[in-house]
Amino acid sequence: MTTNGADVQIERGNFTRIHNTILEQLAYHDFSSREYACILYLLRVTYGFNRKEWQVSNGDFAKATNIERPAVIKTLRRLVERNVIIKSEGDPYHAATWCFNK
């Protein structure tokens, strides 16, 4: 984690490109803080690495968002039901593949 404002500069190359329309829609809709945390983490691990989708475990979501794993599961389920994110089931040995639904 960065500790001072001088380190947080686009010129340093650490940023996530997100289209303005996506940001506007996220601001427009009523999401809980847990939903926002999970959405932002998903955007970070996908768009932040120039990917459309990525395998992410519920434990990864929990660790990155500081939300208990059972709450992460409920939150992700709600976001899938609302068509905000898409989940492609993995097999029993691999995490599901997630993507943001534009």
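Here is a friendly conversation about the sheet, helices and cysteines of a predicted model.

Visitor: Which rules apply to residue numbers, pLDDT and side-chain values here?
Guide: Welcome! This is a predicted model, where local features need pLDDT of at least 70, side-chain atom pairs count only at pLDDT 80 or more, and totals for chains, interfaces and linings use all residues. Residues are numbered from 1 along each chain as its sequence is written, and side-chain values use heavy atoms, with hydrogens and water left out.

Visitor: What is the order of the strands in the open sheet?
Guide: Strands (E, at least two residues) and helices (H or I, at least four) are DSSP runs numbered from the N terminus, and two strands pair if DSSP finds at least two bridges between them. S1 (53-55) and S2 (85-88) stand at the edges, each with a single partner strand, so one side of each has no neighbour in the sheet. The pairing is antiparallel, and the order of the 3 strands is S1-S3-S2.

Visitor: Which residue of S3 stands opposite isoleucine 86?
Guide: S2 and S3 (residues 97-100) run antiparallel and are joined by 4 bridges. Opposite isoleucine 86, S3 places cysteine 99.

Visitor: How many disulfides does the whole structure have, and why?
Guide: A disulfide is a pair of cysteine sulfur atoms within 2.5 Å. The sulfur of cysteine 38 has its closest cysteine sulfur in cysteine 99, and because they are 15 Å apart, they are too far for a bond. A search of the whole structure therefore gives a count of 0.

Visitor: Is cysteine 38 buried or exposed?
Guide: Buried means under 20% relative accessible area, exposed over 50%, and partly exposed in between, using a 1.4 Å probe and protein chains only. Cysteine 99, at 16%, is buried. Cysteine 38 has 1% relative accessibility, so the word for this residue is buried.

Visitor: Which strands does helix H2 lie across?
Guide: Axes are lines fitted to C-alpha atoms, for helices over the stretch in contact (heavy atoms within 4.5 Å), and angles between N-to-C directions run from 0 to 180 degrees. H2 (residues 33-45) runs at about 100° to S3. The strands that H2 lies across are S1, S2 and S3.

Visitor: How are H2 and H3 oriented to each other?
Guide: H2 and H3 (residues 58-65) pack with their axes 10 Å apart, at an angle of about 110°. Angles under 35 degrees count as roughly parallel, over 145 as roughly antiparallel, 65 to 115 as roughly perpendicular and the rest as oblique. H2 and H3 are therefore roughly perpendicular.
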